[in-house]
Amino acid sequence: MNARYQVERLPEPGCSMAGDGDESHLCSTCAFSHACLATGFDRARLSALECVVEHLEPFHAGDFIFRRGDPFHALFALRSGAVKICRTEGDNHQQVLGFYGTGDVIGVGGIYSQRFPCDAIALDVTYLCRLPFPAISTLASQIPAVQQHLLRVLSERLGSVQRLNGNYSADARVAAFLLDLVARVAARGFSPTRIHLSMPRTDIASYLRLAAETVSRVMSRFRARKLIAVRGRDVELLNPDRLRDIGQALLPL
Amino acid sequence: MSAHIRPPQFDPALVARYDVAGPRYTSYPTAPRFRSDFNETALRAVIRESNEEPIPRSLSLYVHIPFCTSPCFFCGCNRIITRDPAQAGRYLERLYREIELTAPQFSRDRLVRQLHFGGGTPNFLGIELMRELLGSLAHNFSFSSEPEREYGIEIDPRHADADYVRELGRLGFNRISIGVQDLDPKVQHAVNRVQTFEQIQDVIVGARAAQFRSVSIDLIYGLPFQSVAGFGRTLDRIEQLEPDRVVVYGYAHLPEMFKAQRQIRAEDLPDPAIRLALFGCALERLTAAGYVYIGMDHFARVQDELAVAQRDGSLQRNFQGYSTHGECDIVGLGVSAIGRISNTYSQNARDLVGYYAALDNGRLPVVRGLHLDQDDLIRRALINELMCYGAVDKRAFGDHNGIVFDDYFRRELQRLQELVADGLVEEDDNRIKATPRGRLLVRIIAMCFDAYLGEDAQVPRYSRVI
């Protein structure tokens, strides 16, 4: 019955951190908070449903959050940081399947098989909430908005994987990648034109099914055409409309 | 930031008052701050990470050739005096190993856009060895083929002629910097650097024939027996050679640090007033001859790329003084060479024994370095703007670096007020700007923002600010 929720003691890194939940309130960036609150479920009511949200100790760059084959018991919501989902194939080739940031939920791939089908690795200092799965599932059955949110997460995941398998130009892939990241940051109310790429370029390249040099060449070209500004790992979209034209085919409708 | 750069104005009284020791800010933090716990593992990790940026930076190579056949008494560089040509062979063997160990760490798509050979005396190497060295570099690194690439070399005209320089041009060099110091024979004898005007002219003929993009001449003021009249004659003749750049260094007499300088008698040095007049003379003549004052000790013709870079905002301060291509990572190769990869500096062993030992054991010869923290990076950016443009737009700088300028630099701005009162610098809500009189003392302005100067009483030994 008791919520094992711990009050965070660490100072928050950066501004995009959410640790503002307490005994009766959910973190503002929690993937489910909007869905729950919209239907009148505050933390007290969630506790009553034995929906226990556990804040985990921080993960550091390179740490595994789960590995392919681990039994599936929970979903994870990112309170801050960045995570890549990937699969290591023969001869150590790593195929990156996705990048996730603050507010995103990871682990949905394990729901069906009850084992995680891939690895999740922190790219940066990352703070996670652990959402035990049976509880979330119960919650979903009682709160339609939570169920819808889960379905949305699942379908988005499917859509993006399918799209990248298509036959698209490098320019379209990179443009869509940048726009997608920006859209996800914007959905949480942050600057809609600036993003920090915490992932190495080899991971971006793997995800987009391109060579690392190609990713850089395309971005250099975008920079020369003043579509983006790049400073180290920080990228600003100067002309999102033009990028949208370029990445059109890969963007969700 | 560079919209309007004022010409400097020489105020001897003011300059004399601020004639204190200070860093030249070819790096920030300065080299005495480097730490010995920055080792090969750290350097390799930094290079790996720098390869993983969305657009990895291009490369600028600095190659140090430490040998000289005779000691110039003014010199404070890391060099080895020898007439034994076999030394070059032993050195190059290790240099090639360093190149082979270093280059593969960088992604192949990181092009070398800038190359600089310094010394010592790079032209200690004959043209065959030069060809071999460039071959090794080109084989291991990816060289840019674009015409804007810059290959520069420092030349001692006593050991080079027009043919040698033309050959350098064939190897790809397109910028040359010639050590002249002074043409007055009495001064030349006193510093053990005797060379004729014709030798210098010959080198320049070769450079022009090979269509070098920039010819730079180094002079030094403050040497023994220099007089304003004599230095004026040197400047007259230098102007006849029509160099694209002239660098007028101040001689720093630090015999306790540099052994060769003990050959120079303190009583032969010009007194502070003459020292100042010598620089004033150079400033006046070069400006009148159409050169733009870039900053510190550098002058350039209006169309020279250094002056262009200052106008378009791409000028940077680095180990060669001022340079374009500020966006590159610098790879230092050779004994004592300093690199600048991402947010780090790293320096190779400063003696041949250490340099050879590391490479003979298959290790990179890095012996010290520094990881810059956020505060170092902000201050480095600020000091770079001051050194390059003599001005900073507070709001733009704050936005760019994620700070509120006046809050972040509250204490430094208080310190600056003394310089404001002295008319060196103007400060208001929007900007900091060196006055025409303050431009020659920009190091003093930059020193206000150096976080390391206040904290230790034992200030490392720096040369005079003017």
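Two strands pair if DSSP finds at least two bridges between them. Helices (H or I, at least four residues) and strands (E, at least two) are DSSP runs, numbered from the N terminus. The model is predicted: local features need pLDDT of at least 70, side-chain atom pairs count only at pLDDT 80 or more, and totals for chains, interfaces and linings use all residues. Residues are numbered from 1 along each chain as its sequence is written, while chains are lettered from A and ligands numbered from 1 in the order in which they are written.

**Exercise 1.** Describe the open sheet of E15, E16 and E17 in chain B.

*Solution.*
Step 1. The 3 strands follow the order E15-E16-E17, with antiparallel pairing.
Step 2. Strand E15 (338-339) and strand E17 (366-371) of chain B are the edge strands, each pairing on one side only.
Step 3. E15(B) pairs with strand E16 (residues 344-348) of chain B over 2 bridges. In this pairing, Ile338(B) stands opposite Gln347(B) of E16(B).
Step 4. Helix H2 (residues 40-51) of chain B lies across E16 and E17 of chain B, at about 55 degrees to E17(B). Axes are lines fitted to C-alpha atoms, for helices over the stretch in contact, and angles run from 0 to 180 degrees between N-to-C directions.

**Exercise 2.** Determine how H6(A) is oriented to H8(A) and which residues make the contact.

*Solution.*
Step 1. The axes of helix H6 (residues 170-186) of chain A and H8(A) come within 10 Å and cross at roughly 75 degrees.
Step 2. H6(A) is therefore roughly perpendicular to H8(A), a term for angles of 65 to 115 degrees.
Step 3. H6(A) contributes Ala170(A), Asp171(A) and Val174(A), and H8(A) contributes Thr214(A), Val215(A), Val218(A) and Met219(A). Contact requires C-beta atoms, placed from the backbone, within 7 Å.
Step 4. These residues divide into 5 nonpolar, 1 polar and 1 charged. Ala, Val, Leu, Ile, Met, Phe, Trp, Tyr, Cys and Pro count as nonpolar, Asp, Glu, Lys and Arg as charged, and the others, Gly among them, as polar.

**Exercise 3.** Characterise the side of chain A that touches chain B.

*Solution.*
Step 1. Contacts join 13 residues of chain A to 6 residues of chain B.
Step 2. On chain A, helix H7 (201-208) and helix H8 (212-224) each supply at least two residues of this side. The largest share, 5 residues, comes from H8(A).
Step 3. By class, this side of chain A has 6 nonpolar, 4 polar and 3 charged residues.

Technical notes:
Contact = placed C-beta atoms within 7 Å. Parallel < 35°, antiparallel > 145°, perpendicular 65-115°, else oblique.
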